[in-house]
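Please work through each task with the structure in view before reading the solution.

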Amino acid sequence: MLTSIRPDRDAVALAVSGLLGGLLLWRLGLHTQGGHPFSPPWATLVPLTVMASAELLRREAPRTALAVGTLALVADQFTRGSLATVLMFTDVMYAAVLYGPPAAARRLPVATLLVTVASTIGFLAWFQKPEALLIGLVIGLVSFIPALTGVSVRSHRTAADAARLAAAQTARLAEMDRTQAVAAERARMARELHDMVAGHLSAVAIHSTAALSIDDPETSRGALKVIRENSVEGLAEMRRLIGLLREGGEDGAPVAAPTLAALDALIEQTNANGASGGLVCVLEDRRAPDAGALPTPVELAAYRIVQESLTNALKHAAPGPVVVRLGRSGELLTVEVTSAVGSRTGPTAPGSGAGLVGMRERAALLGGTFGAGAEPGGGGAKIWRVRAQLPVREKETRE
């Protein structure tokens, strides 16, 4: 297994520098202890070489390096000793805690502390001199202090990795929030564009078809008048939308947002556009005069729901009344638009299917409810009813 291990540059540098330093100390005759009667002078180089080899394994196989280094340190005690061998062992101990498994990082500091305390007590009892405490101090400096340093560095690295991971997760969440915010803003602008322009373009399409299909100068002149009016108003709405895109508004509300007070003008315009199709639009405002003002988001949503309902009636409703009803009960604003269901003569305009989706989204954003569909009406006829209930409390509209 060891043959497949490739030591890194730091390990090679430490091993080579430790070996060369030990050879220099040995050549100068500098040793950590006196001569041993059965140890030749060159014996000091054996533990030194083994310890240098252990340094090569400090990162790739830290536990093996520690085991080999411990044996080399013990063997060094039976020679004249080398300071380079002792210093390399401290690095091997440090690397075993720093790069070893978590279990080794927990156990080695405790084990080295116990060895230091036991050795100190043992040598003190053996020599019975205060100088024996120095031996325990040296053992602690060689084993316990490097292990403790390794624990400290490992803890800091773990904390740094956790901080980097948290920062990366925060960045990903921020990107997700930004993407969702962009998608929500695009959906909001799509609703605004559809609601502001669809009605005018539908009127233009219907009356231009009438002007082309009916060979009557007076009819064509009236259709062209309606087309011009809706074109001008559509351009005005587009300019307002461009201003919204450039400047924005406070609390997410569009600039100069229309209110329910403008429904009279909207119904008048619908009557002008739908006169050729037999549509008669009326407004029934059943709210109490002292009901109080509505929050801006509620006013805008209610207006857009009525506007889109009238646009759909202009495109699809059968000749007959189109009734817009407004009511308020407690903290709920009720918006209802009914129109006749059936076949119609004259030109129509195709629908995109986005109108009902946009109205449902507007009601859902305010925490309200929305429904639309055909229902039985008076005299066996069917009517198309659009009904939305919007909460008017400011707290709910902001959520």
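**Exercise 1. Helices α2 and α3**

In this predicted model, helix α2 (residues 45–55) packs against α3 with the axes 9 Å apart and at an angle of about 165°. Determine the relative direction of α2 and α3, the hand of their crossing and the residues that meet.

Solution. 
Step 1. An angle over 145 degrees counts as roughly antiparallel. With about 165° between them, α2 and α3 are therefore roughly antiparallel to each other.
Step 2. The crossing in which α2 passes α3 is left-handed.
Step 3. From α2, the residues Pro47, Val50, Met51 and Ala54 meet Ala65, Val68, Gly69, Ala72, Leu73, Ala75 and Asp76 of α3.
Step 4. Sorted by class, the α2 contact with α3 comprises nine nonpolar, one polar and one charged residues.

**Exercise 2. Helices α3 and α4**

Describe how helix α3 (residues 62–76) and helix α4 (residues 83–99) cross, and classify the residues in their contact.

Solution. 
Step 1. The two axes come within 9 Å, and the crossing angle is roughly 155°.
Step 2. α3 and α4 are therefore roughly antiparallel to each other, and their crossing is left-handed.
Step 3. On the α3 side, the contact is made by Pro62, Ala65, Leu66, Gly69, Thr70, Leu73 and Asp76. On the α4 side, Thr85, Val86, Phe89, Val92, Met93, Ala95, Ala96 and Tyr99 take part.
Step 4. The classes in the contact of α3 with α4 are eleven nonpolar, three polar and one charged residues.

**Exercise 3. Helices α1 and α4**

Solution. 
Step 1. The axes of α1 (residues 9–28) and α4 come within 8 Å and cross at roughly 160°.
Step 2. By class, the contact of α1 with α4 has six nonpolar, three polar and one charged residues.

**Exercise 4. Annotated spans**

Which residues does the UniProt annotation "transmembrane region" cover, and what is the helix content of residues 12–30 and of residues 81–101?

Solution. 
Step 1. According to the unreviewed UniProt entry, the annotation covers residues 12–30, 81–101, 108–127 and 133–153.
Step 2. Residues 12–30 are 89% helix and 0% strand, with end C-alpha atoms 24 Å apart.
Step 3. Residues 81–101 are 81% helix and 0% strand, and their end C-alpha atoms lie 31 Å apart.

**Exercise 5. The sheet and its helices**

State the strand order of the open sheet, identify its edge strands, and describe the packing of helix α8 and helix α9.

Solution. 
Step 1. Five strands, with mixed pairing, follow the order β1-β2-β3-β5-β4.
Step 2. β1 (279–285) and β4 (369–376) are the edge strands, each pairing on one side only. From one strand to the next, the twist averages 15°.
Step 3. β4 and β5 (residues 382–391) run antiparallel and are joined by eight bridges. Glu375 has Ile383 in β5 as its bridge partner.
Step 4. Helix α8 (residues 263–274) packs on the sheet and touches β1 and β2 (320–329), its direction making about 165° with that of β1.
Step 5. Helix α9 (residues 296–316) also packs on the sheet, touching β1, β2, β3 (332–340) and β5. The direction of α9 makes about 5° with that of β3.

Key. Residues numbered from 1 in each chain as written. Predicted model: local features only at pLDDT ≥ 70, side-chain atom pairs only at ≥ 80, totals over all residues. Heavy atoms only, no water. UniProt positions renumbered as here; feature names shortened; annotations may be inferred. Helix = DSSP H or I, 4+ residues; strand = E, 2+ residues; numbered from the N terminus. Axes fitted to C-alpha atoms, helices over the stretch in contact; angles between N-to-C directions. Parallel < 35°, antiparallel > 145°, perpendicular 65-115°, else oblique. Left-handed = near helix turned anticlockwise from the far one by under 90°. Contact = heavy atoms within 4.5 Å. Nonpolar A, V, L, I, M, F, W, Y, C, P; charged D, E, K, R; others polar. Pairing = 2+ DSSP bridges.
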